[in-house]
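Student: I have a structure open and would like to go through it step by step. Can we start with the chains and then look at some details?

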Amino acid sequence: MNEGGKKTIKLLCFAVLGMFTFSFALVPLYDVFCDITGLNGKVTQSTNAETSITAEGREIGLQFISHNNAGMPWVFKPSKKVLKIKTGTLHEATFYAKNTTNKIMTARAVNSVAPSNAKNYIKKIECFCFAEGIELMPGEEILLPIKMVVDNELPQEIKNIVLSYTIFDSNIEHSIIMNHDSDHEMEPSI
Amino acid sequence: MSAVIESHDHEHHHGPAKGITRWFYTTNHKDIGTLYLWFSFAMFLIGGAMAMVIRAELFQPGMQIVEPEFYNQMLTLHGLIMVFGAVMPAFVGLANWLVPMMVGAPDMALPRMNNLSFWILPFAFTVLLSSLFMEGGAPNFGWTFYAPLSTTYAPPSVTFFIFSVHIMGASSIMGSINVIVTIMNMRAPGMTLMKMPLFVWSWLITAYLLIAVMPVLAGAVTMMLMDIHFGTSFFDAAGGGDPVLFQHIFWFFGHPEVYIMILPAFGITSHIIETFSRKQLFGHASMVWAMTSIAILSFVVWAHHMFTVGMPLAAELFFMWATMLIAVPTGVKVFNWVTTMFKGSITYETPMLFSIAFVVLFTIGGFSGLMLAITPADFQYHDTYFVVAHFHYVLVPGAIFSIMAAVYFWIPKWTGNMYDERLGKLHFWLSFIGVNVTFFPQHWIGLAGMPRRVPDYALQFADWNMVSSVGAFLFGASQILFLFIVIKTVMGGKKATPEVWEGARGLEWTVESPAPYHTFTTPPKVTQ
């Protein structure tokens, strides 16, 4: 093998390692990309929400929808499904949740907004979806709060916003065991 | 004295080792090429048998032969085996046989790694196939293994699947490094890059694509492994991950992957069409640029596989236009092949028949690809049989026809014997009719709304599904004939001349048929 060959092999090995690393770098890159474009519709906690509370703007429709991820037994629903709000004003809403099982469970809610280009105009001061885990005792009920404001700059063509929340069982184990054993406790996944 | 020199000479230029260990220990590019080709043929027949199970179940509406769970396993393994076991190893086998001979090199640059990269493959596929006999069955989530189907809801055997994909990836990466180093460093004097035969060019580009995307596939399955066993949440929304991320990573690998399966076919077709048209290929340089631009564009079109997951309008427009742009270099290639045939003195031997069928049928697959690229239309076509028809048109009469054409074209060089032309033509016509009867009606049932990946379907799709199944059985059976023809040619037949085909161009036709165990130990001088 001549020098040129050895150099080519070295370069190619670096390329392979580089691309393997790149595949993992895609994970944070995807988050950054989604954050900029609003691609996956996830609204994060806003630090400058107060600046959006200005003059009362136009009226828009706001719709809350809830989903239970497969196998999640809780009752989970918005207190009020459809409402009219004014942009530029602070708005509070609640979701009702109840642990219907006879064991302590931790849940996590994931939010999404449609249309996704409304995402950057929704400022959430408080949301149960920011919590890493919502723990409920057997049979316990809770009202989960949302405090938000829709910015006056919201594009004119958007007249309705849908806020969707999906609740997940944080402790669910990956079902590589086919018969899901519900009494089996596992460490919560990160 | 001369006898002494001769015996020394004989020892130096030894032939193949004796016995079965020849195949285990071999570092000879021709032996390894043969191993790859036989392995891929075996996988083609196994994957094909699975396709027969699928088509038998779809022969009539209702569930008759297999359970839906088993149907899903057949579907998944058929895809995985055909992509990673049949098409890719066949092209690597052809590269092993042909690249060193075409560039005038004595062997591949890294012969021992070459042996390793082949011999880990049977292990990978044994692991994958053994999952059929495990509790919970084989992988059942489709060859695209979307999370969470392949993580949260996967059968326990998914871990074996992950390791087999890791091994396949390692094999492909080693194979690609070998091809690139051979091409970049071992060309005969006088063979500049632009003088390189197109098959070599197509493989150089393919190898770079493999180097770029196989590690990404390895990364994707590693993330799955960590999600399943180590409590991470790359693709699990409950833990802050995102299943859509999986699709982005998968298709960032997957789209270049589909070009990995077609670029070497472009190279093969170029050689065969120019030979049987008895003309120099039209537009050698434009072929090189077309392949290069297809390869580069393949990195920026991945999201056209997932228009329906939800994307900003701007992204959908970008991926639509970028996808359609690929039709330009592909059109250049088709134009060049047709122009090469134009006013040529064409004869229609089996390789030429397969290659002409490749040009026509691959173009049909390309056009249905253009239809699928139109974002709003894709919302209608997505996950229907139209997609199945599209990718089978580019892979079966595309990639697989080109592999068959290559086998008929170069088998006289490999074995020293001519194949039976009459049987070869019969094989071609049975395959050609079989392929079209199988896949053409799938366009219609797809447009009519039949979803893909279903073991049962609504009654209005019954007729064309039956036709499609009949075509599939014909195509499947005609591959037994192919196996027979190949064995017959290996066993004997009319002796081939070194040139084999009248007017064949390229260094591989300057050595005897069958090609000696060692060729070009002293590099040839390339003039033209």
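Student: How does the radius of gyration of chain B agree with that of a compact globule?
Tutor: Note that this is a predicted model. A compact globule with 528 residues would have a radius of gyration near 24 Å. The C-alpha atoms of chain B fill a box of roughly 80 × 55 × 45 Å along the principal axes. The value for chain B agrees with the globule, because it is 23 Å.

Student: How many helices and strands does the secondary structure of chain B have?
Tutor: Chain B has 528 residues, and buried residues make up 55% of them. Among its contacts with a separation of 6 or more, 82% are accounted for by residues 24 or more positions apart. The secondary structure comes to 18 helices and zero strands.

Student: What are the elements of chain A, from the N terminus on?
Tutor: Chain A has one helix and nine strands. Of its 190 residues, 25% are buried. Residues 24 or more positions apart account for 76% of the chain A contacts with a separation of 6 or more. From the N terminus on, the order is α-β-β-β-β-β-β-β-β-β.

Student: Which element gives the most to the side of chain A that touches chain B?
Tutor: The contact takes 37 residues from chain A and 38 residues from chain B. On the chain A side, α1 (3-37), β5 (105-114) and β9 (160-169) each supply at least two residues. With 16 residues, the element that gives the most is α1(A).

Student: How many nonpolar, polar and charged residues are on the side of chain A that touches chain B?
Tutor: That side is the part of the contact to which chain A brings 37 residues. By class, it has 19 nonpolar, 15 polar and three charged residues.

Student: Is B:Ser157 buried or exposed?
Tutor: B:Ser157 is found in the loop between α6 (121-130) and α7 (158-185) of chain B. Within 10 Å it has 23 other C-beta atoms. A residue counts as buried with 20 or more. B:Ser157 is therefore buried.

Student: What separates the C-alpha atoms of B:Ser157 and B:Ser131?
Tutor: Not counting residues up to four places away in sequence, B:Ser157 touches B:Ser131, B:Met134, B:Gly136, B:Gly137, B:Ala138 and B:Pro139. B:Ser131 is 26 residues apart from B:Ser157 along the chain. Their C-alpha atoms are separated by 5.7 Å.

Student: Are α7(B) and α8(B) roughly parallel or antiparallel to each other?
Tutor: The axes of α7(B) and helix α8 (residues 198-229) come within 8 Å and cross at roughly 155 degrees. By class, their contact has 21 nonpolar, five polar and no charged residues. The crossing is left-handed. Angles over 145 degrees count as roughly antiparallel, and so α7(B) and α8(B) are roughly antiparallel.

Student: Are α14(B) and α17(B) roughly parallel or antiparallel to each other?
Tutor: Helix α14 (residues 350-373) and helix α17 (residues 421-447) of chain B pack with their axes 10 Å apart, at an angle of about 10 degrees. Angles under 35 degrees count as roughly parallel. The relation of α14(B) to α17(B) is therefore roughly parallel.

Student: Which residues of α14(B) make the contact with α17(B)?
Tutor: By class, this contact has five nonpolar, four polar and two charged residues. From α17(B) come B:Glu421, B:Gly424, B:Lys425, B:Phe428, B:Phe432 and B:His443. From α14(B) come B:Thr350, B:Leu353, B:Phe354, B:Ala357 and B:Ser368.

Conventions
Residues numbered from 1 in each chain as written. Chains lettered and ligands numbered in written order. Predicted model: local features only at pLDDT ≥ 70, side-chain atom pairs only at ≥ 80, totals over all residues. Helix = DSSP H or I, 4+ residues; strand = E, 2+ residues; numbered from the N terminus. Buried ≥ 20, exposed ≤ 12 C-beta atoms within 10 Å, placed from the backbone. Contact = placed C-beta atoms within 7 Å. Rg over C-alpha atoms; globule rule 2.2 N^0.38 Å. Axes fitted to C-alpha atoms, helices over the stretch in contact; angles between N-to-C directions. Parallel < 35°, antiparallel > 145°, perpendicular 65-115°, else oblique. Left-handed = near helix turned anticlockwise from the far one by under 90°. Nonpolar A, V, L, I, M, F, W, Y, C, P; charged D, E, K, R; others polar.
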